[in-house]
Amino acid sequence: MTQSTDLGPEDRKIITLARSARARNGVPEGAAVRDETGRTYVAGTVALDSLKLSALQTAVAMAVASGAKSLEAAAVVSEADTASDADRAAVRDLGGAATPVLLAGPDGELRSTVTAG
């Protein structure tokens, strides 16, 4: 497991953005992704009767809809112990198998880093 002090400023930034989205929207998860140009996309969980997306799936969809061609990194802030297979698959589809997925707790402390693959 990697500690948050080992993270670079850009990775700390996406964790902070994800944490802010979770708190601001009062949703179970917040997520942020960084594309190949350094742009970030931030989202919370979507839980409608007709549409259910995790925060990370929503952030990836926002990146795609905005024209991103790839991802450099993804972060999710959640109570969960691991990034779900569906979340990792969404990141992998756009960023590739080696894209890091950072999982932080609600306090913003990094719990784990895995690859999307």
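Colleague: Hi! Before we start, what kind of model is this, and what counts in it?

Modeller: It is a predicted model, where local features need pLDDT of at least 70, side-chain atom pairs count only at pLDDT 80 or more, and totals for chains, interfaces and linings use all residues. Residues are numbered from 1 along each chain as its sequence is written, and side-chain values use heavy atoms, with hydrogens and water left out.

Colleague: Great. At what angle do helix 2 and helix 3 pack?

Modeller: Helix 2 (residues 55–65) and helix 3 (residues 85–95) pack at about 15°, and their axes are 9 Å apart. Helices (H or I, at least four residues) and strands (E, at least two) are DSSP runs, numbered from the N terminus. Axes are lines fitted to C-alpha atoms, for helices over the stretch in contact, and angles run from 0 to 180 degrees between N-to-C directions.

Colleague: Roughly parallel or roughly antiparallel, then?

Modeller: Helix 2 and helix 3 are therefore roughly parallel. That label covers angles under 35 degrees, with over 145 being roughly antiparallel, 65 to 115 roughly perpendicular and the rest oblique.

Colleague: And which residues make the contact?

Modeller: From helix 2 they are Leu 56, Gln 57, Val 60, Ala 63 and Val 64, and from helix 3 Ala 86, Asp 87, Ala 90, Val 91 and Leu 94. Contact means heavy atoms within 4.5 Å.

Colleague: How do those divide into nonpolar, polar and charged?

Modeller: Eight are nonpolar, one is polar and one is charged. Here Ala, Val, Leu, Ile, Met, Phe, Trp, Tyr, Cys and Pro count as nonpolar, Asp, Glu, Lys and Arg as charged, and the others, Gly among them, as polar.

Colleague: Let's stay with helix 3. Which of its residues are buried?

Modeller: Asp 87, Ala 90, Val 91 and Leu 94 are the buried ones. Buried means under 20% relative accessible area, exposed over 50%, and partly exposed in between (1.4 Å probe, protein chains only).

Colleague: What follows helix 3?

Modeller: Gly 96 follows helix 3, with a positive phi near 95°. Just after helix 2, Gly 67 also has a positive phi, of about 95°.

Colleague: Now helix 2. Which residues are buried there?

Modeller: Ala 55, Leu 56, Thr 58, Ala 59, Val 60 and Ala 63 are buried. Ala 55 has a relative accessible area of 0%. Leaving aside neighbours within four places in sequence, Ala 55 is in contact with Glu 29, Gly 30, Ala 31, Ala 43, Gly 44 and Thr 45.

Colleague: And Met 62, how accessible is that?

Modeller: Met 62, in helix 2, is partly exposed at 33% relative accessibility. Not counting residues up to four places away in sequence, Met 62 touches Tyr 41, Val 42 and Ala 43.

Colleague: Changing topic: where does Ile 14 sit?

Modeller: Ile 14 is in helix 1 (residues 9–25) and is buried, with a relative accessible area of 0%. Beyond its neighbours within four places in sequence, Ile 14 is in contact with residues including Ala 32, Arg 34, Thr 40 and Leu 102.
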